[in-house]
Amino acid sequence: MAHTAKKRDYFPYLLLVPATLVMVAIVAYPLYETFRLSFTNTSMSPNFEYVGLDNYEKLMSRRFPEVIARTFYWMSLSVALKMLIGTLGAVLLNAMVPGRTLFRILVMPPWVIPIAIGVFIWGWMYNGQFGMISGLAQRVGILDAPFEFLAYKNSAFMATIVTDVWIGVPMVTLYLLASMQSISKDLYEAAWVDGASRFYRFRRITLPLIIPSIATMALLSAIATFNSFDIIWILTEGGPRGATTTMIIDTYKTAISRFKYGEGAARTVMIVLFLGSFMFVYFLLLSRLAKRSPNNAA
């Protein structure tokens, strides 16, 4: 019997073998190859040699630090706007107002529409000659002439952020709305009987109970925004003059457009390190929230 029980102990691990092999094939091995290539001068030429840390030294001595700073600035501003607008939207959709079901449906299109199509639509609106934004601004007197939003560094940078926020807000809104609706109605009724105002109920009941959801959503949104490629590439391809070039865009241009696979691999390793730090913070947050949960305390 003891021998049979010992065999059963290994059975769950045997079930994990196929999934482990798949993960090794599609994740571990490509990561290993990327790390190996980052120490070479691999390009279109079949001949390459190991160059040690030269690719990483080039990263630190050129404009890559500016690209890193721009990436984190772009990510931070975009995530902050998503969380602010998403939280406000969730509060409004959670309110007992007529037609709130219709409002919840209207929140979905930016999330449902394929990203490429949505970004192309925004690109048309940013156009100075026939774009809606420039036309409306001229009609109300804000602009005297057509303005090409994607042709100037500051406006192009903000345009990519607006587009990314438009795409990302629905997910934040629905996630936080679900978190708000999980709060017991008894808490609000007790506060209402005591004469608490709507703002006081939000500040002392809703906000403290959804902070774990806000923190989790902020980290997930930061990872997705950091990895965002299609929005910037479709709108500006990293321009004008590098104003919207983030780490993802810079890596693509180096490895794919200029065929410098070794230097591109070094950039990819840096991205993996940053994303690894985000994942570490995310799992650390989850473990702390699990320890603070009522079920765990019980």
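Helices (H or I, at least four residues) and strands (E, at least two) are DSSP runs, numbered from the N terminus. One loop between two such helices, α11 (230–235) and α12 (247–257), holds Pro240. This is a predicted model: local features need pLDDT of at least 70, side-chain atom pairs count only at pLDDT 80 or more, and totals for chains, interfaces and linings use all residues. Residues are numbered from 1 along each chain as its sequence is written, and side-chain values use heavy atoms, with hydrogens and water left out.

**The loop between α11 and α12**

- The peptide bond from Gly239 to Pro240 is cis. Its omega is near -5°.
- Glu237 lies in the loop between α11 and α12. Its phi is positive, about 55°, although Glu237 is not a glycine.
- Arg241 also sits in this loop. Arg241 has a positive phi too, near 55°, and is a residue other than glycine.
- How exposed is Glu237? It is partly exposed, with a relative accessible area of 46%. (Buried means under 20% relative accessible area, exposed over 50%, and partly exposed in between, with a 1.4 Å probe and protein chains only.)
- Arg241 has a relative accessible area of 71%, so it is exposed.

- Helix α10 covers residues 198–226, which is 29 residues. Its end C-alpha atoms are only 36 Å apart. A straight helix would reach 42 Å at 1.5 Å a residue. (The expected span is 1.5 Å times one less than the number of residues.)
- Where does α10 have a kink? It lies at Ile211, shortly before the proline Pro212, and is about 45°. (The bend at a residue is the angle between axes fitted to the seven residues ending there and the seven starting there.)
- Helix α8 (residues 153–181) has 29 residues. It reaches 42 Å from its first C-alpha to its last, close to the 42 Å expected at 1.5 Å a residue.
- α8 has a kink of about 35° at Gly168. This kink lies shortly before the proline Pro170.

**How helices pack**

- Two packed helices are described by the angle between their axes and the distance between the axes.
- The axes of α9 (residues 185–193) and α10 come within 10 Å and cross at roughly 165°. (Axes are lines fitted to C-alpha atoms, for helices over the stretch in contact, and angles run from 0 to 180 degrees between N-to-C directions.)
- α9 and α10 are therefore roughly antiparallel to each other. (Angles under 35 degrees count as roughly parallel, over 145 as roughly antiparallel, 65 to 115 as roughly perpendicular and the rest as oblique.)
- α9 passes α10 in a right-handed crossing. (A crossing is left-handed if the near helix is turned anticlockwise from the far one by less than a right angle, and right-handed if clockwise.)
- α6 (residues 115–126) and α8 pack at about 140°, with axes 11 Å apart. That makes α6 oblique to α8. Their crossing is right-handed.

**Spans from the UniProt record**

- In an unreviewed entry, UniProt lists several spans as "transmembrane region", including residues 12–32 and 105–125. (Positions use the numbering used here, feature names are shortened, and annotations may be inferred rather than shown by experiment.)
- Residues 12–32 are 100% helix and 0% strand. The end C-alpha atoms lie 27 Å apart.
- Residues 105–125 are 86% helix and 0% strand. Here the end C-alpha atoms are 23 Å apart.

**Tyr282**

- Tyr282 is in helix α13 (residues 261–292). It counts as buried, at 17% relative accessibility.
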